[in-house]
Amino acid sequence: MNNYENVTVEKLANIYFNGNVISRNITFQDGSKKTLGVMLPGEYEFSTQSKEIMEIISGELDLKLLDSPEWKIIRGGMNFDVRKNSSFKVKVKKLVNYTCSYF
């Protein structure tokens with residue numbers, strides 16, 4: 001799916017890591033929420049409050065989940081799950097466009 005239809009988008013962006021990670025909150029008619037964002041090259045660590053599914057639309061990053069000893073390469077067209085009350089690290093190699101779903 002290349003477009004989201006019938007959504008509400010918050011005007012104010014979520015800005016993290018000195019502007020290197022920026023996203024916008026999207027709410028669907030059924031009340032579900034996602035963010036749609038961009039990550040510039042760099043290394044970042046995120047914490048989760050709910051279960052998340054990250055869909056990488058374009059770009060490339062290395063991923064390390066909290067409970068994993070290894071880094072994995074994630075490219076555009078791939079996704080990954082993150083548990084509730086967890087964290088993950090990324091090393092963004094090429095500018096990443098992503099969407100994140102919350103459960």
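Asn14 is buried, with a relative accessible area of 17%. Here, buried means under 20% relative accessible area, exposed means over 50%, and partly exposed lies in between, for a 1.4 Å probe and protein chains only. The structure is a predicted model: local features need pLDDT of at least 70, side-chain atom pairs count only at pLDDT 80 or more, and totals for chains, interfaces and linings use all residues. Residues are numbered from 1 along each chain as its sequence is written, and side-chain values use heavy atoms, with hydrogens and water left out.

Asn14 belongs to strand S2 (residues 14-16). Strands (E, at least two residues) and helices (H or I, at least four) are DSSP runs, numbered from the N terminus. The side chain of Asn14 makes a polar contact of 3.0 Å with the side chain of Asn25. A polar contact is a pair of N or O atoms within 3.5 Å; within protein, one must be able to donate a hydrogen and the other to accept it, and residues adjacent in sequence count only if both atoms are side-chain atoms. Beyond four places in sequence, Asn14 touches Val21, Ile22, Ser23, Arg24, Asn25 and Thr35. Contact means heavy atoms within 4.5 Å.

Confidence in the model was examined next. The pLDDT is the predictor's confidence in each residue, from 0 to 100. The protein averages 96, and 99% of the residues score at least 70. Strand S1 (residues 7-9) has the lowest confidence, at a mean of 95. Strand S7 (residues 72-75) has the highest, at 98.

The protein has nine strands and zero helices. From the N terminus, its elements run β-β-β-β-β-β-β-β-β. The radius of gyration is 13 Å, close to the 13 Å that the globule rule gives for 103 residues, so the protein is as compact as a globular protein of that length. This radius is taken over C-alpha atoms, and the globule rule is 2.2 Å times the number of residues to the power 0.38. Along its principal axes, the C-alpha trace spans about 40 × 25 × 25 Å. Buried residues make up 34% of the 103 residues. Among contacts between residues at least 6 apart in sequence, 58% join residues at least 24 apart.

Strand pairing was then traced through S3 (residues 21-28). Two strands pair if DSSP finds at least two bridges between them. S1 and S3 pair in the antiparallel sense over three bridges. In this pairing, Val9 stands opposite Ile26 in S3. S2 and S3 also run antiparallel, joined by three bridges. Ile15 has Ile22 in S3 as its bridge partner. The hairpin of S2 and S3 has four residues between the strands, and Phe17 takes a positive phi near 50 degrees there. Seven bridges join S3 to strand S4 (residues 33-39), and these two strands run antiparallel. Asn25, the polar partner of Asn14, stands opposite Thr35 in S4. The hairpin of S3 and S4 has four residues between the strands as well. There, Gly31 takes a positive phi near 95 degrees.

Asn6, in the segment before S1, has a phi of about 55 degrees although it is not a glycine. Asn6 counts as exposed, at 55% relative accessibility. Asn85 has a phi near 50 degrees. Asn85 sits in the loop between strand S8 (79-82) and strand S9 (87-102). Asn85 is exposed too, with a relative accessible area of 59%.

The largest nonpolar core has 18 residues. A nonpolar core is a set of buried Ala, Val, Leu, Ile, Met, Phe, Trp, Tyr and Cys residues joined through side-chain atoms within 4.5 Å. Met39, Leu61, Leu63, Phe80, Phe88, Val90 and Tyr98 have the most contacts inside this core. Strand S5 (42-47), strand S6 (52-65), S8 and S9 each give two or more residues to it. S9 gives the largest share, six residues. Ser87 is buried, with a relative accessible area of 10%. Beyond four places in sequence, Ser87 touches Glu45, Phe46, Ser47, Thr48, Leu65 and Leu66.
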